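Here is a short walk through one protein model, written for someone who likes to check contacts in a viewer. Please keep the structure open as you read.

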Amino acid sequence: DALSRPLASGDDAPWSDIVVSSQGPYVRVNLDGMALGTIRHETAMLQSIEFYAYHLECAFRSIRCESLAPPDNDDAPAGPPRLAFHAAFDGDLTTHADTQGETQEPMAATGLSFRPGVFGQAVELVSADGTRPLLQYAAGDVFSGQGGTLMFWFQPRWDGAIKDPENFPWVGLFSTMDDDGQVPLRIWQWHWLRADLPRAPGLESFSLYNRCRESWMKGDWHHVAMTWNEKGWCTLYADGVPYERGLTGVNYLPRREEADMASVRSFSLGSTAAPNSPMQIADGCFDELRIYQTPLSAEQIAAERHRACPVDLIVGRRFLTADTPGELSLELYPGGEMTIPALGGDVAGPIALRLEASLAPDAGGDPLALLEAEVEVSKRLPVLLNTPPLVAGDYRLTCVLHCGDAVSQQSFKIVAYALQSPAAPSRNEAALAE
């Protein structure tokens, strides 16, 4: 239903270029290089092409249908994706790469510390005494090539919910710089998770969005990933999901924009070396920063998240009746089984893990209910947490999952509400009207 600009008519009217492109369930329409919009439409294999004009006399020429997939190349390198940069942050800042096996030290590393991470240790960047920590690496040829993938784990020291829409922090997660001190690529938490990407000189940059800020809670680990130029498409992932959960808005879809990373000369994590940046320090921990010179598929992104958290954790009911004992059902599923949209590649069971859960007042305080359980997950597995009588208000359920060498955390808001007796019917405030 998007409206284009009015088109000129008549024999001397200029020709207009209409491009319709699709990937999976997304269809995008461009008119003379301008995007009219993106719609979601579950398409099958293309069977035919038809033209339909309603109260319109028009002419078509130079009609073509082509695949955007790259041609088959027998000389293309086979094997796993090319990992160009890997920082594990296990007590040091040295990086490694699979492509050449070389190591690299950061250009700048100030105001940093190490904390427990998803795998081993993680690096922490927090604001202290007005100083700005900085962790910056030279890009080298990391961003060379036609496409790639960037991913990392992040643990905020803050809640993502916006209390004041006029005054809330813009949190920088990943930032780059070019030779002119500009920022061609940036990932940050704005009203939502956002990635600003560059294009070739003379073309406008563009942004990807993933509405997940409200679900980010203090101490939880979140997996952030971005792929560019996967057959031209660029996608931003939050916790393995490639766009907004549930009813997807038009601005929260993958985009086909042909990003150009050639100008990136350095990059930083959790802060930026760019002067006068509006981005605030991340105030959190980072783990497992990886940059590939290959765009990974959605299944591969999900597999990396499942490497640390191989189960889907769902809280069956997040509302409890106040002033009475209750229970919370923590439902565990093999990873991917409850993911929307379904990406495939679900984790095969049995999955052995240890679950630690605690319920405490949302504002902070001692735990009111605790649970620890050793379980194996092959299908839906409910684990019950008994709760004492709670005063009406907001609470926080914190779940820590230990699986192999990995530790992850997920939190949920729980509300205890007080039942009110229904008011007796009355005509005291009733009045006759005209």
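This is a predicted model: local features need pLDDT of at least 70, side-chain atom pairs count only at pLDDT 80 or more; totals for chains, interfaces and linings use all residues.

## A mixed, open sheet

Let's start with a sheet of five strands, which is open and runs in the order β22-β28-β27-β24-β25 with mixed pairing. The edges belong to β22 (319-321) and β25 (369-377); each has a single partner strand, so one side of each lacks a neighbour in the sheet. On average, neighbouring strands here are turned by 25° against each other, direction ignored.

Within this sheet, β24 (residues 351-361) and β27 (residues 393-403) are antiparallel partners, joined over eight bridges. If you want a specific pair to look up, S358 has T398 in β27 as its bridge partner. As background, strands of a sheet pair through backbone hydrogen bonds, in a parallel or an antiparallel sense.

## Helix α1 and its surroundings

Helix α1 spans residues 298-308, and its buried residues are A298, I301, A302, E304, R305, H306 and A308. Which strands do the buried residues of α1 pack against? They pack against β11 (148-156), β16 (222-230), β17 (233-238), β20 (284-292), β21 (311-315) and β28 (406-417).

The largest nonpolar core has 44 residues, and F143, F174 and L197 touch the most other members. Another core lies apart from it, with 30 residues, including A369, L385, Y395 and I414.

Setting aside neighbours within four places in sequence, L197 contacts P184, L185, S205, F206, L208, M226, W228, C234, A259 and M261.

## Cysteines without disulfides

How many disulfides does the structure hold? The count is zero. C234 is in no disulfide, and the nearest cysteine sulfur, that of C212, is 18 Å away. C234 counts as buried because its relative accessibility is 0%.

## T272 in its loop

T272 sits in the loop between β19 (266-269) and β20. Is T272 buried or exposed? At 11% relative accessibility, T272 counts as buried, since the cut-off for that label is under 20%.

The T272 side chain makes a polar contact with the side chain of S175 at 3.2 Å. Not counting residues up to four places away in sequence, T272 touches R132, L134, S175 and S277.

Key: Residues are numbered from 1 along each chain as its sequence is written. Side-chain values use heavy atoms; hydrogens and water are left out. Buried means under 20% relative accessible area, exposed over 50%, partly exposed in between (1.4 Å probe, protein chains only). Helices (H or I, at least four residues) and strands (E, at least two) are DSSP runs, numbered from the N terminus. Contact means heavy atoms within 4.5 Å. A polar contact is a pair of N or O atoms within 3.5 Å; within protein, one must be able to donate a hydrogen and the other to accept it, and residues adjacent in sequence count only if both atoms are side-chain atoms. A disulfide is a pair of cysteine sulfur atoms within 2.5 Å. A nonpolar core is a set of buried Ala, Val, Leu, Ile, Met, Phe, Trp, Tyr and Cys residues joined through side-chain atoms within 4.5 Å. Two strands pair if DSSP finds at least two bridges between them. Axes are lines fitted to C-alpha atoms, for helices over the stretch in contact, and angles run from 0 to 180 degrees between N-to-C directions.
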